[in-house]
Structures are given as C-alpha cells and as structure tokens.
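Could you walk me through this model in a short briefing?

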Amino acid sequence: MGKADFLSPKAISNRIKAKGLQKLRWYCQMCQKQCRDENGFKCHCMSESHQRQLLLASEDPTKFMDYFSDEFKSDFLELLRRRFGTKRVHNNIVYNEYISYREHVHMNSTQWETLTDFTKWLGREGLCKVDETPKGWYIQYIDRDPETIRRQEEQARKKKQEMDDEERSARFIEEQVRRGRTSKETDETPVYTELKRESEEEKVDITEIFCLKLFVSLCSSVLGASALKTAASSSTKRKDTSSSSDSRGEKKKKSALEEIIEMEEKKKQSVRTDYWLQPNIVVKVITKRLGEKYHKKKAIIMEVRDKYGAVVKMIDSGDKLKLDQNHLETVIPAPGKKVLILNGPYRDTEAVLEGIDEKNFCATLTLDSGQQKGERVDVAYEDFSKLA
C-alpha cells in the first residue's frame, strides 16, 4: 500500500496523531519510537533495528537503565526548580507538564515503576520535601544552590542591618531595667553599723534626734521641701559660725538636721516598684506569641488588674486583650506631648516632654502637676509613657 499524499486527509490525520501523547506501554525507549497500537508495537519489536538495540542493551543492562534514570531525574528536577521553585505542588501536575515534551525520557525505561515510587525516592534522598494527603502526593523542591544560599544570607544580613533604632533602643532599655532590678535586689540588703562616738566626751541625745525628726516631718507636710532646705541652710550657718573658732582646719561635720534631710531625699529617690502599669496611657505590645497582627502595635490601657496585668484596647483594630506588663513597653511621644511618670520619686505625676537624651537613654520632662509643678527633671525611658 502506497504512502498517503502530503496534503491528503489521512496524512494530516497521521501528523495530528503523532503530535499528541500516546500510550506509554507502546513506546520503545531504546529506539525512541512511539507506536500507536499494540500491533504496531509488536511489529516494531520483531524488526531488525530493535533486535540490534536489544543486543547492545543486553551487554550491560544496568548501564542503560542508570543512564535513563539519571536523565529522567535531572530533567524532572530541573522542570520543578525552574517552573515551580520551592512551592509545594502536586507531583502529578509536574509529571503532566514534564511528559508534554515529546522527546522526554519515559518512566518505563527507568528504575522506578510508578510516579509514587519516584516521589518517595526523592523524599528519601533529601532532594525534595514530600508529604501524602487524601488528594495524593505533594512535593516541594529543596534549593541547595550555593548562589541561592549566598543570596539568602545576604538578605538576612540586610534585614538585620535595617533594624530600626526603636527596636535597638528598646532592647537596650530592657537590658538596663534588668540590670537595675538585679542591682536593686543587692542594694536593698540592710547593713547594720555600730553606733560610735568621735570622742569619749561626746554625748548622744536621743530626745534631740526625735525632736528633729518630728520637726522635719511637720515641715515636709506643711511647708514642703523648700522649707526644709531653708531650715537646713540656716542651721548650717549657725553651726558654722559657732564652730568656726575651734575647727582648726578639720573637716566640718554634718548636723543632725542635714543628715535627716539627706535620708529623706534618699528615701524619695529609692521609691521604686517592680510594677508600673497605669490606666489611660499608651503602650506597645512586644510579645510575638499573639502573631504579627498585634506585635509592635500600640494600645491604650483600660484597666489595671493585680498591679502586674492590664486590659488593653488596640488602637488600630479596637480589640481588647489581657496582657502582663512583661508583654508591654512604654511609648515615647513627640516633644511637647503630655506624659505620665510611672515610677520613681515623681510617680503618678503628669509632665510635658521637652527633649530626649539618646546618649543617656532618658528624657527631660517639665512637671505639670503636684507641689513641684514647673520643675524640669530627667527621667529614664522606661519610667514614663504617653498619655492617651
């Protein structure tokens, strides 16, 4: 029977069929010939050319199978890397795209009988991440290219360098607070000293000290700290004029009133607590356990519970959360805004932010309430926060 003409319907039909995918069992990988039906494949197997190829393969069959297996694996992984990258994809989707190339290496010539066996082998060799689901096997390519690893390390390095000053200062403040708490615990241990006299002739008058303490407490409650300083200066002058004749260059001793005033000031300065939460202040959520939705977001304290916990309302979303003070940090507003002092001698005092000293991690505040209204003080970052 003669061959059909080039433009005849039969020739066009044959060319259309040749372009499409045929059954895998009628393909001969050694001869790279695709047959259309079982009869054609049987005729091809009986041909002389096929017999010669079988004689070559029979000399070293492992060599040919390893070659075809390596070709199939490399082409499959190259398509997976180039087409899907490191995305998780169904193995059948990749295989269908791979066999759409007419000259591809067929699976019946490799060491794997099915696509599932090949997928499991990729997982055992560590070339891909594989997992089985009710819908089938999924694969994810593992990119071990040195250039890709170098690029990822460079991106991580840039991300680390682009950390803003706010996070670095927050970490430094947390470290300073931790050191301050540890030093405070060591300093709070009382040290008892022996009562000694400068000379045998000197007498210790307990009633005088008691009267002085009573006088200081009355002055502090009625007149304030300025009256104490005035009284101390006047008593110091009287003391200096009376003892100037017999001092003879010796170091002047402090009067009992001055010592009591210094003790009162030290007490005020050491009035610190390990809890600082106050209602109606703006804070920032620093915990990552709640997810990216709340991390580094600002909130307003609505209610303080048991000193160390608070109910906060997120400014952006309006969600209400119950958080511990360890999961929050203070917020420093722009200069000119009102703040509330949360710890230290000026606790619960409203103030106005004048400026920030980044070198010493503190800010200059002007007190806006209390007996010392109008006075400028330096307060650490963690001891004040923006008012809502």
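Here is a brief tour, beginning with the ground rules and moving on to the cores, a helix pair and the strands.

This is a predicted model, in which local features need pLDDT of at least 70, side-chain atom pairs count only at pLDDT 80 or more, and totals for chains, interfaces and linings use all residues. Residues are numbered from 1 along each chain as its sequence is written, and side-chain values use heavy atoms, with hydrogens and water left out.

**Nonpolar cores**

- A nonpolar core is a set of buried Ala, Val, Leu, Ile, Met, Phe, Trp, Tyr and Cys residues joined through side-chain atoms within 4.5 Å; buried means under 20% relative accessible area, exposed over 50% and partly exposed in between, with a 1.4 Å probe and protein chains only.
- The largest nonpolar core holds 22 residues, and Phe72, Phe76, Leu80, Val94 and Phe118 have the most contacts inside it.
- Two or more residues of this core come from each of α4 (61-84), α5 (91-99), α6 (115-125) and β5 (136-141), with α4 giving the most, 7 residues.
- Helices (H or I, at least four residues) and strands (E, at least two) are DSSP runs, numbered from the N terminus.
- Apart from this core lies another, of 16 residues, including Ile281, Ala299, Ile301 and Leu340.
- Beyond its neighbours within four places in sequence, Phe76 is in contact (heavy atoms within 4.5 Å) with Asn91, Val94, Tyr95, Tyr98, Phe118, Leu122 and Ile139.

**Where α4 meets α6**

- The axes of α4 and α6 come within 13 Å and cross at roughly 75°; axes are lines fitted to C-alpha atoms, for helices over the stretch in contact, with angles from 0 to 180 degrees between N-to-C directions.
- The two helices, α4 and α6, are therefore roughly perpendicular to each other, a label for angles of 65 to 115 degrees.
- Phe72, Lys73, Phe76 and Leu77 in α4 meet Phe118, Trp121 and Leu122 in α6.

**Strands**

- An open sheet of 5 strands runs in the order β9-β8-β7-β6-β10 with antiparallel pairing; strands pair if DSSP finds at least two bridges between them.
- β9 (320-324) and β10 (328-330) stand at the edges with a single partner strand each, so one side of each lacks a neighbour in the sheet.
- Strand β6 (residues 282-285) pairs with β10 in the antiparallel sense over 3 bridges, and Val283 has Thr330 in β10 as its bridge partner.
- Elsewhere, β4 (residues 128-133) and β5 pair in the antiparallel sense over 6 bridges, forming a hairpin with 2 residues between them.
- Across this pairing, Glu132 stands opposite Trp137 in β5.

Key
Parallel < 35°, antiparallel > 145°, perpendicular 65-115°, else oblique.
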